[in-house]
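Subject: Structure handover

Hello,

Here is the structure I promised to pass on. Please load it before you read the notes.

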Amino acid sequence: EVQLVESGGGLVQAGGSLRLSCAASGFTFDDYAIGWFRQAPGKEREGVSSISSSDGNTYYARSVKGRFTISSDNAKNTVYLQMNSLKPEDTAVYYCATKRPDSIWSNQRPTSFDNWGQGTQVTVSS
């Protein structure tokens with residue numbers, strides 16, 4: 001059974017930092033790329049960052065590049081998203097998901113991912 005569990009969300013002031021964790025189980029961790037997505041009220045789910053542990057490829061959305069850093073700890077089967085210089089527009093529910101093995105790396109749309117976690121709320125105050 002594939003399971004992804006997000007944690008680390010919370011309330012933080014603008015300019016602050018949070019580190020999100022995505023703990024994976026039920027599959028061979030090294031065989032899957034994992035991505036972070038977010039969804040704010042009234043908006044579509046958008047890709048934030050992804051990492052492929054097999055070759056080290058990473059992806060960052062333009063809106064978070066230079067502020068967020070994705071990393072993985074293969075021994076712990078966990079992917080992290082370090083979020084610095086947070087802005088109110090970063091407020092959303094953050095999800096992690098595995099990338100479909102038949103999808104190309106350049107396709108970072110939500111439809112190229114599956115096995116979604118339950119999400120963790122990030123709220124950034126002004």
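Below are my notes, topic by topic.

This is a predicted model: local features need pLDDT of at least 70, side-chain atom pairs count only at pLDDT 80 or more, and totals for chains, interfaces and linings use all residues. Residues are numbered from 1 along each chain as its sequence is written, and side-chain values use heavy atoms, with hydrogens and water left out.

Disulfide

The structure holds one disulfide. The term covers a pair of cysteine sulfur atoms within 2.5 Å. Its partners are cysteine 22 and cysteine 96, with sulfur atoms 2.1 Å apart. The link is right-handed, with 80 degrees about the S-S bond. Cysteine 22 sits in strand S3 and cysteine 96 in strand S9, so the pair ties together parts that are 74 residues apart in sequence. Strands here are DSSP runs (E, at least two residues), numbered from the N terminus. Cysteine 22 is buried at 0% relative accessibility. Cysteine 96 is buried too, at 0%. Buried means under 20% relative accessible area, exposed over 50%, and partly exposed in between (1.4 Å probe, protein chains only).

Core

Nonpolar side chains tend to be buried together in soluble globular proteins. A nonpolar core is a set of buried Ala, Val, Leu, Ile, Met, Phe, Trp, Tyr and Cys residues joined through side-chain atoms within 4.5 Å. The largest one here has 26 residues. Trp36, Phe68, Val79, Leu81, Met83 and Tyr94 have the most contacts inside it. S3, S4, S5 (46-52), S7 (68-73), S8 (78-83), S9 (92-99) and S11 (120-125) each supply at least two residues of this core. S3 gives the largest share, four residues. Valine 79 has contacts (heavy atoms within 4.5 Å) beyond its neighbours within four places in sequence; among them are Leu20, Cys22, Phe29, Trp36 and Ile70.

Aromatic rings

How many aromatic pairs does a search of the whole structure find? It finds three. Rings of Phe, Tyr and Trp (its six-membered ring) pair if their centres lie within 6.5 Å; planes under 30 degrees apart count as stacked, over 60 as edge-to-face and the rest as tilted. Phenylalanine 37 and phenylalanine 113 form an edge-to-face pair, at 4.7 Å centre to centre and 75 degrees between the planes. Phenylalanine 37 lies in S4 (residues 33-39) and phenylalanine 113 in S10 (residues 113-114), 76 residues apart. Phenylalanine 37 is buried at 0% relative accessible area, and phenylalanine 113 is buried at 1%. Phe37, Phe113 and Trp116 form one aromatic cluster.

Two charges sit over rings of this cluster. The test is NZ of Lys or CZ of Arg within 6 Å of the ring centre and within 35 degrees of the ring normal. Arginine 45 lies over the face of tryptophan 116, at 4.7 Å from the ring centre. Lysine 99 lies over the face of phenylalanine 113, at 5.6 Å.

Pairing needs at least two DSSP bridges between the strands. Glutamine 3 stands opposite serine 25. S1 has a covered face, Leu4 and Glu6, and an uncovered one, Gln3, Val5 and Ser7.

Asparagine 77 has a positive phi of about 50 degrees, although it is not a glycine. Asparagine 77 lies in the loop between S7 and S8 and is partly exposed at 26%. Asparagine 115 also has a positive phi, near 50 degrees. Asparagine 115 lies in the loop between S10 and S11 and is partly exposed at 31%.

Best wishes
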